[in-house]
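I hope they are handy while you have the coordinates open.

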Amino acid sequence: MTITITAFAASPDRGRGMARDMRVRWALEEAGQPYTVQALSFAEMKEPEHLARQPFGQIPTYQEGDLTLFETGAIVLHIAERFPGLLPEDAKGRARAIAWMFSAAGTIEPVIADREVVAYLETGKDWQAERRQMVDDRVRGRMRFLSGRLGDGDWLEGEFTAGDLMVVDALRRLSHSGILNEFPNLAAYVARAEARPAFKRAFAAQLAAFEASQIG
Ligand SMILES: N[C@@H](CCC(=O)N[C@@H](CS)C(=O)NCC(=O)O)C(=O)O
């Protein structure tokens with residue numbers, strides 16, 4: 001059955017793999033599943049046809065037959081449960097991997113995404129610098145605990161799982177901040193994940209889509 005995801009017609013990050021379709025593409029590549037992409041403009045994202053797929057008018061979404069999903073955590077979990085390769089075989093290992101997926105979406109990504117709110121939406125406020133410092137300190141706090149848990153392991157639960165995929169994709173939003181490099185094991189963890197062939201294929205696909213959007 002054909003899998004179709006939605007993505008930005010022209011990603012604002014210019015193909016740096018920061019848009020959240022990246023993690024869905026990556027999960028599909030890890031699972032060895034082909035997919036097609038429906039590219040949407042910002043205006044199309046807010047039209048009823050897309051709001052029926054994604055109630056907040058965001059990308060990405062996932063369609064497979066009569067199943068339509070939104071929220072990348074739910075989409076990646078569906079892919080991981082539907083196809084082998086992203087969740088451990090044993091029930092407890094699966095549960096722990098899924099806990100990391102929730103942690104990525106609920107505990108890690110929100111504090112990191114707050115940096116973008118400060119940078120893009122709070123420009124010109126006289127309290128921006130103070131809040132930036134506060135937000136960065138909160139990120140560092142989370143990173144300290146995550147770094148302690150990862151230790152010198154390659155992955156959070158021994159083998160690579162959908163939990164690592166979600167955590168790494170959230171951490172990648174820090175790549176130009178300098179914060180990640182304060183935690184060498186986390187920087188190495190992200191680099192290890194980005195070296196995976198499935199990641200590279202997903203990254204190349206989203207970059208090619210952006211470059212195609214710039215022609216003509
Ligand atoms: N929690 C959502 C976040 C999705 C999200 O923030 N998508 C961004 C692109 S990376 C978007 O569509 N932004 C445009 C908007 O919110 O209008 C998920 O993980 O699926």
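Predicted model: local features only at pLDDT ≥ 70, side-chain atom pairs only at ≥ 80, totals over all residues.

1. A definition to begin with: the expected span of a helix is 1.5 Å times one less than its number of residues. H6 has 23 residues, and the distance from its first C-alpha to its last is 32 Å, close to the expected 33 Å.

2. Staying with H6, which of its residues are buried? They are Gln128, Arg131, Val135, Asp136, Val139, Arg140, Gly141, Met143, Leu146, Ser147 and Leu150. You will find charged residues in that list, among them Arg131, Asp136 and Arg140. The partners against which the buried residues of H6 pack are helix H5 (91-121), helix H7 (162-171) and helix H8 (184-194).

3. Helix H4 (72-82) is also worth a look. H4 is mostly covered, with eight of its 11 residues buried. Those eight are Thr72, Gly73, Ile75, Val76, Leu77, His78, Ile79 and Ala80. What do they pack against? The buried residues of H4 meet H1, S3, S4, H5 and H7.

4. Next, some backbone details to check by eye. Most residues other than glycine have a negative phi, and most peptide bonds are trans. Between Ile59 and Pro60, however, the peptide bond is cis, with omega near 5°. Pro60 sits in the loop that links helix H3 (48-51) to strand S3 (61-64).

5. Arg14 has a positive phi, near 60°, and belongs to the loop between strand S1 (3-8) and helix H1 (21-30). Is Arg14 buried or exposed? Its relative accessible area is 54%, so Arg14 is exposed, the cut-off being over 50%. Glu71 is not a glycine either, yet its phi is positive at about 75°. Glu71 lies in the loop between strand S4 (67-70) and helix H4 (72-82). With a relative accessibility of 42%, Glu71 counts as partly exposed, because that value falls between the 20% and 50% cut-offs.

6. On to the overall layout. The domain assignment divides the chain into domain 1 (3-85 + 198-215) and domain 2 (91-196). Taken over C-alpha atoms, the centres of domain 1 and domain 2 are 21 Å apart. How many residues are in contact across the two domains? On the domain 1 side there are 19, and these touch 20 residues of domain 2.

7. The largest pocket may be what you turn to next. It holds about 1000 Å³ of space. Its lining has 37 residues, and those closest to the pocket centre are Met18, Ala19, Arg20, Glu116 and Arg173. Helix H2 (42-45), H4, H5 and H6 are the elements that each give two or more residues to this lining. Which of the elements gives the most? H5 does, with 10 residues.

8. Sorted by class, the lining of the largest pocket comprises 16 nonpolar, eight polar and 13 charged residues. Both domains take part, since domain 1 and domain 2 each supply at least three residues to the lining of the largest pocket.

9. The largest cavity has a volume of about 90 Å³. Residues that line the largest cavity include Ala7, Phe8, Asp13, Asp21, Arg25, Gln206 and Phe210. S1, H1 and helix H9 (197-213) each give two or more residues to the lining. By class, the lining of the largest cavity has seven nonpolar, two polar and three charged residues.

10. Last, a word on Arg192, which is in helix H8. At 27% relative accessibility, Arg192 is partly exposed. Apart from neighbours within four places in sequence, Arg192 is in contact with Gly153, Asp154 and Trp155. Arg192 and Ile3 are 189 residues apart along the chain, and 28 Å separate their C-alpha atoms.

Key. Residues numbered from 1 in each chain as written. Heavy atoms only, no water. Helix = DSSP H or I, 4+ residues; strand = E, 2+ residues; numbered from the N terminus. Buried < 20%, exposed > 50% of the residue type's maximum accessible area, 1.4 Å probe, protein only. Contact = heavy atoms within 4.5 Å. 1 Å grid on protein atoms, 1.4 Å probe; cavity = no way out; pocket = protein on both sides within 12 Å on 5 of 7 lines; lining within 4 Å. Points joined across faces, edges and corners; volume = space filled by probe spheres on them. Domains from an automatic or database assignment.
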